Amino acid sequence: MMASRSILLLLFLASLLSVSSCTAVSREGLPPGSPFAETAAASKNLLPQGIALGDVKGDSVLLWLRTDGPMEVQVEWASVAVWDSLSKMAHAVTSMARTPWLTTGMETDFTVTIPIEGLTPATRYRYYVSVSPKGSDGTATAVRVAARGEFTTLPDVKSQAPVTFAWSGDLGGQQRCRRGAAGYPIFDVMRDQQLDFFVFLGDMIYADNLCPSPPNEPGADFQATTLPEYRARHRDQRAAEALRRFLETTPVYAMWDDHEVRNDFAGPFESYMPAGRQALREYWPIRVASDDPHRLYRTVRAGADLELFILDTRQYRSRNADQDSSAKTMLGEKQLQWLLNGLTESITTWKVIVTSVPLSIPKGGGIGTPGNDGWAGGPDKTGFERERQVIVDYILTRKVKNVVFLAGDVHFVQANGYDPNGDGIPDFHEFVAGPLSAAPGRVMPASMGLRPTTLVNESGYFNFGLVRVSTTSFDVRILDEAGATRFSHRLQAK
């Protein structure tokens with residue numbers, strides 16, 4: 001195909017110009033007369049929301065993009081070593097892999113998530129995204145390289161290599177939305193940490209909050225209740241340049257909380273959920289489970305020492321206002337059994353349970369959504385403590401070691417060691433991070449049901465959690481928007 005031959009020539013020239021850069025072509029400094037000069041000028045319009053990498057594994061990753069109208073797109077990739085050799089011997093091009101040409105369409109708001117498979121674990125890859133706009137007659141026009149970036153696959157299941165990742169949530173809430181071109185500069189701080197991946201733990205948009213302009217950038221001064229409106233709120237977030245830079249090179253595991261739909265929603269009873277869920281799937285690279293196209297909960301296996309269980313605490317939950325009982329559920333029976341079985345079967349050193357709402361911080365609702373929204377109960381006998389105790393009892397009776405919970409949602413930092421059996425030795429820990437950019441939460445003590453020892457409990461700054469996992473330790477730090485460490489703690493493996 002002539003277009004394919006043309007793009008190979010362009011890629012070869014690009015590698016000669018800048019084989020070491022890991023930024024998008026649109027952000028490179030190009031010499032006069034470069035064949036990429038036109039591409040650099042046009043790429044912002046070709047991919048107006050940038051690109052995003054997600055759900056990385058040892059042998060695959062997902063690449064998300066959105067075009068400005070119907071276009072044909074193709075991704076080509078190879079290891080950085082192959083790309084670097086391309087500048088010396090042209091036949092190295094045969095080592096590249098590529099997708100077929102794919103067409104973006106109106107039915108998904110011109111978004112597409114593309115699997116990149118057959119990769120080697122613990123390997124640095126470089127990719128190029130080529131775009132062919134369609135003319136007025138519907139036929140494809142000249143091919144342009146619209147973006148490029150790099151990522152690293154996770155280590156294989158037998159490798160004991162250290163893994164570094166971050167987690168946080170709560171972006172653009174309570175009128176703390178995009179301000180200036182960068183939008184959310186905390187993402188540049190996270191990008192500097194050289195993460196293997198990031199867990200975006202909910203409230204990635206605040207669809208039910210208004211963001212007036214000024215002081216915020218225009219585009220989010222409405223509450224979303226329809227599919228086009230939810231899509232528009234996601235597009236507005238991606239206008240933040242710092243977020244786009246981050247997503248180009250850092251694979252993300254995205255999970256919703258409530259504000260992707262509506263405050264404190266319970267999925268089976270929420271009429272807006274189908275539209276919010278569709279927009280979420282269209283705008284984030286999330287794997288589709290073969291047994292359920294709506295399933296969002298999933299695992300991350302990173303080497304021999306780490307397995308994450310990312311919970312969906314919204315789609316299956318009972319009403320918050322229901323009295324806590326054996327009939328009340330946060331996870332639904334299928335997801336609960338998936339979690340319990342996974343904890344038993346996991347052979348990694350560290351088992352990390354990621355829950356958007358915290359274990360022990362009472363989080364009462366309001367008039368519109370009464371009842372406790374997190375796991376902890378309150379004086380009104382709501383909450384989800386009965387199901388929480390099922391998980392705790394399972395950890396204790398099965399003697400599951402090295403369990404850590406990561407949470408968000410409350411807009412302040414808290415860390416607890418829990419001793420539910422009262423023997424004086426913590427059985428597991430929980431670390432709560434956030435917000436990335438939202439109103440600070442009112443600090444509250446942990447409820448006493450799990451016998452907590454609180455290690456930190458403070459508010460007033462934007463933040464994220466940074467974790468480094470090894471065979472012997474689980475190191476946690478909370479960093480603020482300036483990159484300063486506000487809290488650190490080390491767990492030794494049992």
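User: How many of the 11 residues of helix 5 are buried?
Analyst: This is a predicted model. Buried here means under 20% relative accessible area, and in helix 5 (residues 227-237) the residues that pass include L227, Y230, R231 and A232. R233, H234, D236 and Q237 are on the buried list too. Helix 5 is largely enclosed by the rest of the structure, so the count is 8 of the 11.

User: And which helices do the buried residues of helix 5 pack against?
Analyst: The buried set has charged side chains in it, R231, R233 and D236 among them. Its packing partners are helix 6 (241-249) and helix 7 (273-283).

User: What is the relation of helix 8 to helix 9: roughly parallel or roughly antiparallel?
Analyst: The axes of helix 8 (residues 333-345) and helix 9 (residues 385-397) come within 10 Å and cross at roughly 15°. The crossing itself is right-handed. Angles under 35 degrees count as roughly parallel, and therefore helix 8 and helix 9 are roughly parallel.

User: Which class of residue makes up 8 of the contact of helix 8 with helix 9?
Analyst: From helix 8 you get L336, L339, L340, N341, L343 and T344, which meet E387, V390, I391, Y394 and I395 in helix 9. By class, that contact has 2 polar and 1 charged residues, and the 8 are nonpolar.

User: Is S447 buried or exposed?
Analyst: S447 is in the loop between strand 17 (428-432) and strand 18 (452-458). S447 touches S360, P362, A376, R388 and P452, leaving out residues up to four places away in sequence. Its relative accessibility is 16%, so S447 counts as buried.

Terms used
Residues numbered from 1 in each chain as written. Predicted model: local features only at pLDDT ≥ 70, side-chain atom pairs only at ≥ 80, totals over all residues. Heavy atoms only, no water. Axes fitted to C-alpha atoms, helices over the stretch in contact; angles between N-to-C directions. Helix = DSSP H or I, 4+ residues; strand = E, 2+ residues; numbered from the N terminus. Parallel < 35°, antiparallel > 145°, perpendicular 65-115°, else oblique. Left-handed = near helix turned anticlockwise from the far one by under 90°. Contact = heavy atoms within 4.5 Å. Buried < 20%, exposed > 50% of the residue type's maximum accessible area, 1.4 Å probe, protein only.
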